[in-house]
Amino acid sequence: MHSLVSVIVPVYNCEKYVSQCINSIISQSYSNIEIIAVDDGSTDNSGYILDELAKQDCRLQIIHNQNKGVSYSRNVGVSAAKGKYCVFIDADDFIHKEYIAYLVKLIESNHVSIAISSKCKTKSKEEIEDKDNVEILTAEDALALFLSPKLIVGCWNKIFCRDFLTENNIQFKPELFYGEGLHFICMAAQASNGVAVGSKKYYNYRRNNDDSATTQFSISKLVNGQRSLDIIASSIKIRTPKVEKMLNWHICQFNMGAVVKIRECGKQSEYREYYIKCLKYVRSNMWKIIGMTGISLYKKGLLVGCAISPAILTRLFSIRKNIIKRNSVN
């Protein structure tokens, strides 16, 4: 018997994309799934669209809640799940028809708590390679990978044993709404018996949604993201040089991103104290990042650029962001 997989989709004001997302899950070659879509008090037509889709497939369960945030919604989904495995998908993304089958094979054939694909499809014209490179990481190596610049941060593109999550009390922190995925996967990684890492681009990660949490500017998101990193730093039990190095990189990179986001919106004066704090952090810590191995020259160059001329770096980021949006999967 194929193991039941619980696919959890938090939904908030995503009427433009939610049908494509849910239909891509319904169309999976791996059919023994339950789909738990948690409507987080959407004020657009997302809830109605979900209810209509549920009429077409009995595997789709809709939970309507008051708006309590993405972390709460994912926890509700896990609590309702009955599957052996849990998979999280964002409502503005969609998946290849072999996505679930691929992740189940990865986790079951390697007898691990977590399996992931280190790559995802972000461009409309990207090809999916037939070959797959699979390696098994220790908890230490997986934690370092999740903090590294090699992965786009998120709880999606991964499969988790549900019993592993519940037995280790691994949940999303309801007070976190930015950086909540990084906290979740870091806590999971360090508790795991190993992580299987493949490289198939079966997850379609949309990068042209102007309404997404990662796109829209909000100072509260930046402050909450910093809080997420503080909680991660205090909760990590695997304090090896490899992990510490990647944690330091991630914190420095976050501060650089905050500088750019504030400048993009012309909010340097309004949030001057926070802006100066982030810029000072980059300037004070970039030297130890520059001396690290495992960080590309390109990534190191961005930090140097931020330290020398935040204005020029912000302009370059804006150009790059527009190119990414034009070429994004649709």
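1. In helix 7, the buried residues are Glu-180, Gly-181, Leu-182, His-183, Phe-184, Ile-185, Cys-186, Met-187, Ala-188, Ala-189 and Gln-190. Buried means under 20% relative accessible area, exposed over 50% and partly exposed in between, with a 1.4 Å probe and protein chains only. Helix 7 is thus mostly covered, with 11 of its 12 residues buried. Helices here are DSSP runs of H or I with at least four residues, strands are runs of E with at least two, and both are numbered from the N terminus.

2. The model is predicted: local features need pLDDT of at least 70, side-chain atom pairs count only at pLDDT 80 or more, and totals for chains, interfaces and linings use all residues. Residues are numbered from 1 along each chain as its sequence is written, and side-chain values use heavy atoms, leaving out hydrogens and water.

3. Helix 7 covers residues 180–191, and its end C-alpha atoms lie 17 Å apart, in agreement with the 16 Å that 12 residues should span at 1.5 Å a residue. The expected span is 1.5 Å times one less than the number of residues. Helix 4 (residues 99–110) also has 12 residues and reaches 17 Å from its first C-alpha to its last, close to the expected 16 Å. Its buried residues are Tyr-99, Ile-100, Tyr-102, Leu-103, Val-104, Leu-106 and Ile-107.

4. His-111 is not a glycine, yet its phi is positive, about 55°. With a relative accessible area of 64%, His-111 is exposed. Asn-13 also has a positive phi, near 45°, and sits in the loop between strand 1 and helix 1 (18–26). Asn-13 counts as partly exposed, at 27% relative accessibility. Most residues other than glycine have a negative phi.

5. An open sheet of mixed pairing is formed by eight strands in the order 3-2-1-4-8-6-9-7. Two strands pair if DSSP finds at least two bridges between them. Strand 3 (60–65) and strand 7 (135–137) are the edge strands, each pairing on one side only. On average, neighbouring strands are turned by 20° against each other, direction ignored. Strand 1 (residues 5–11) and strand 4 (residues 85–88) pair in the parallel sense over four bridges, and Val-7 has Val-87 of strand 4 as its bridge partner.

6. Helix 3 (residues 70–80) packs on this sheet, touching strand 1, strand 2 (33–40), strand 3 and strand 4, and its direction makes about 150° with that of strand 2. Contact means heavy atoms within 4.5 Å. Axes are lines fitted to C-alpha atoms, for helices over the stretch in contact, and angles run from 0 to 180 degrees between N-to-C directions. Asn-75 belongs to helix 3 and counts as buried, at 15% relative accessibility. Leaving aside neighbours within four places in sequence, Asn-75 is in contact with Gln-171, Phe-172 and Pro-174.

7. Helix 9 (residues 241–264) and helix 12 (residues 310–327) pack at about 80°, with axes 9 Å apart. That makes helix 9 roughly perpendicular to helix 12; the cut-offs are under 35 degrees for roughly parallel, over 145 for roughly antiparallel, 65 to 115 for roughly perpendicular, and oblique for the rest. Helix 9 contributes Met-256, Val-259, Val-260, Arg-263 and Glu-264 to the contact, and helix 12 contributes Pro-310, Ala-311, Leu-313, Thr-314, Phe-317, Ser-318 and Lys-321.
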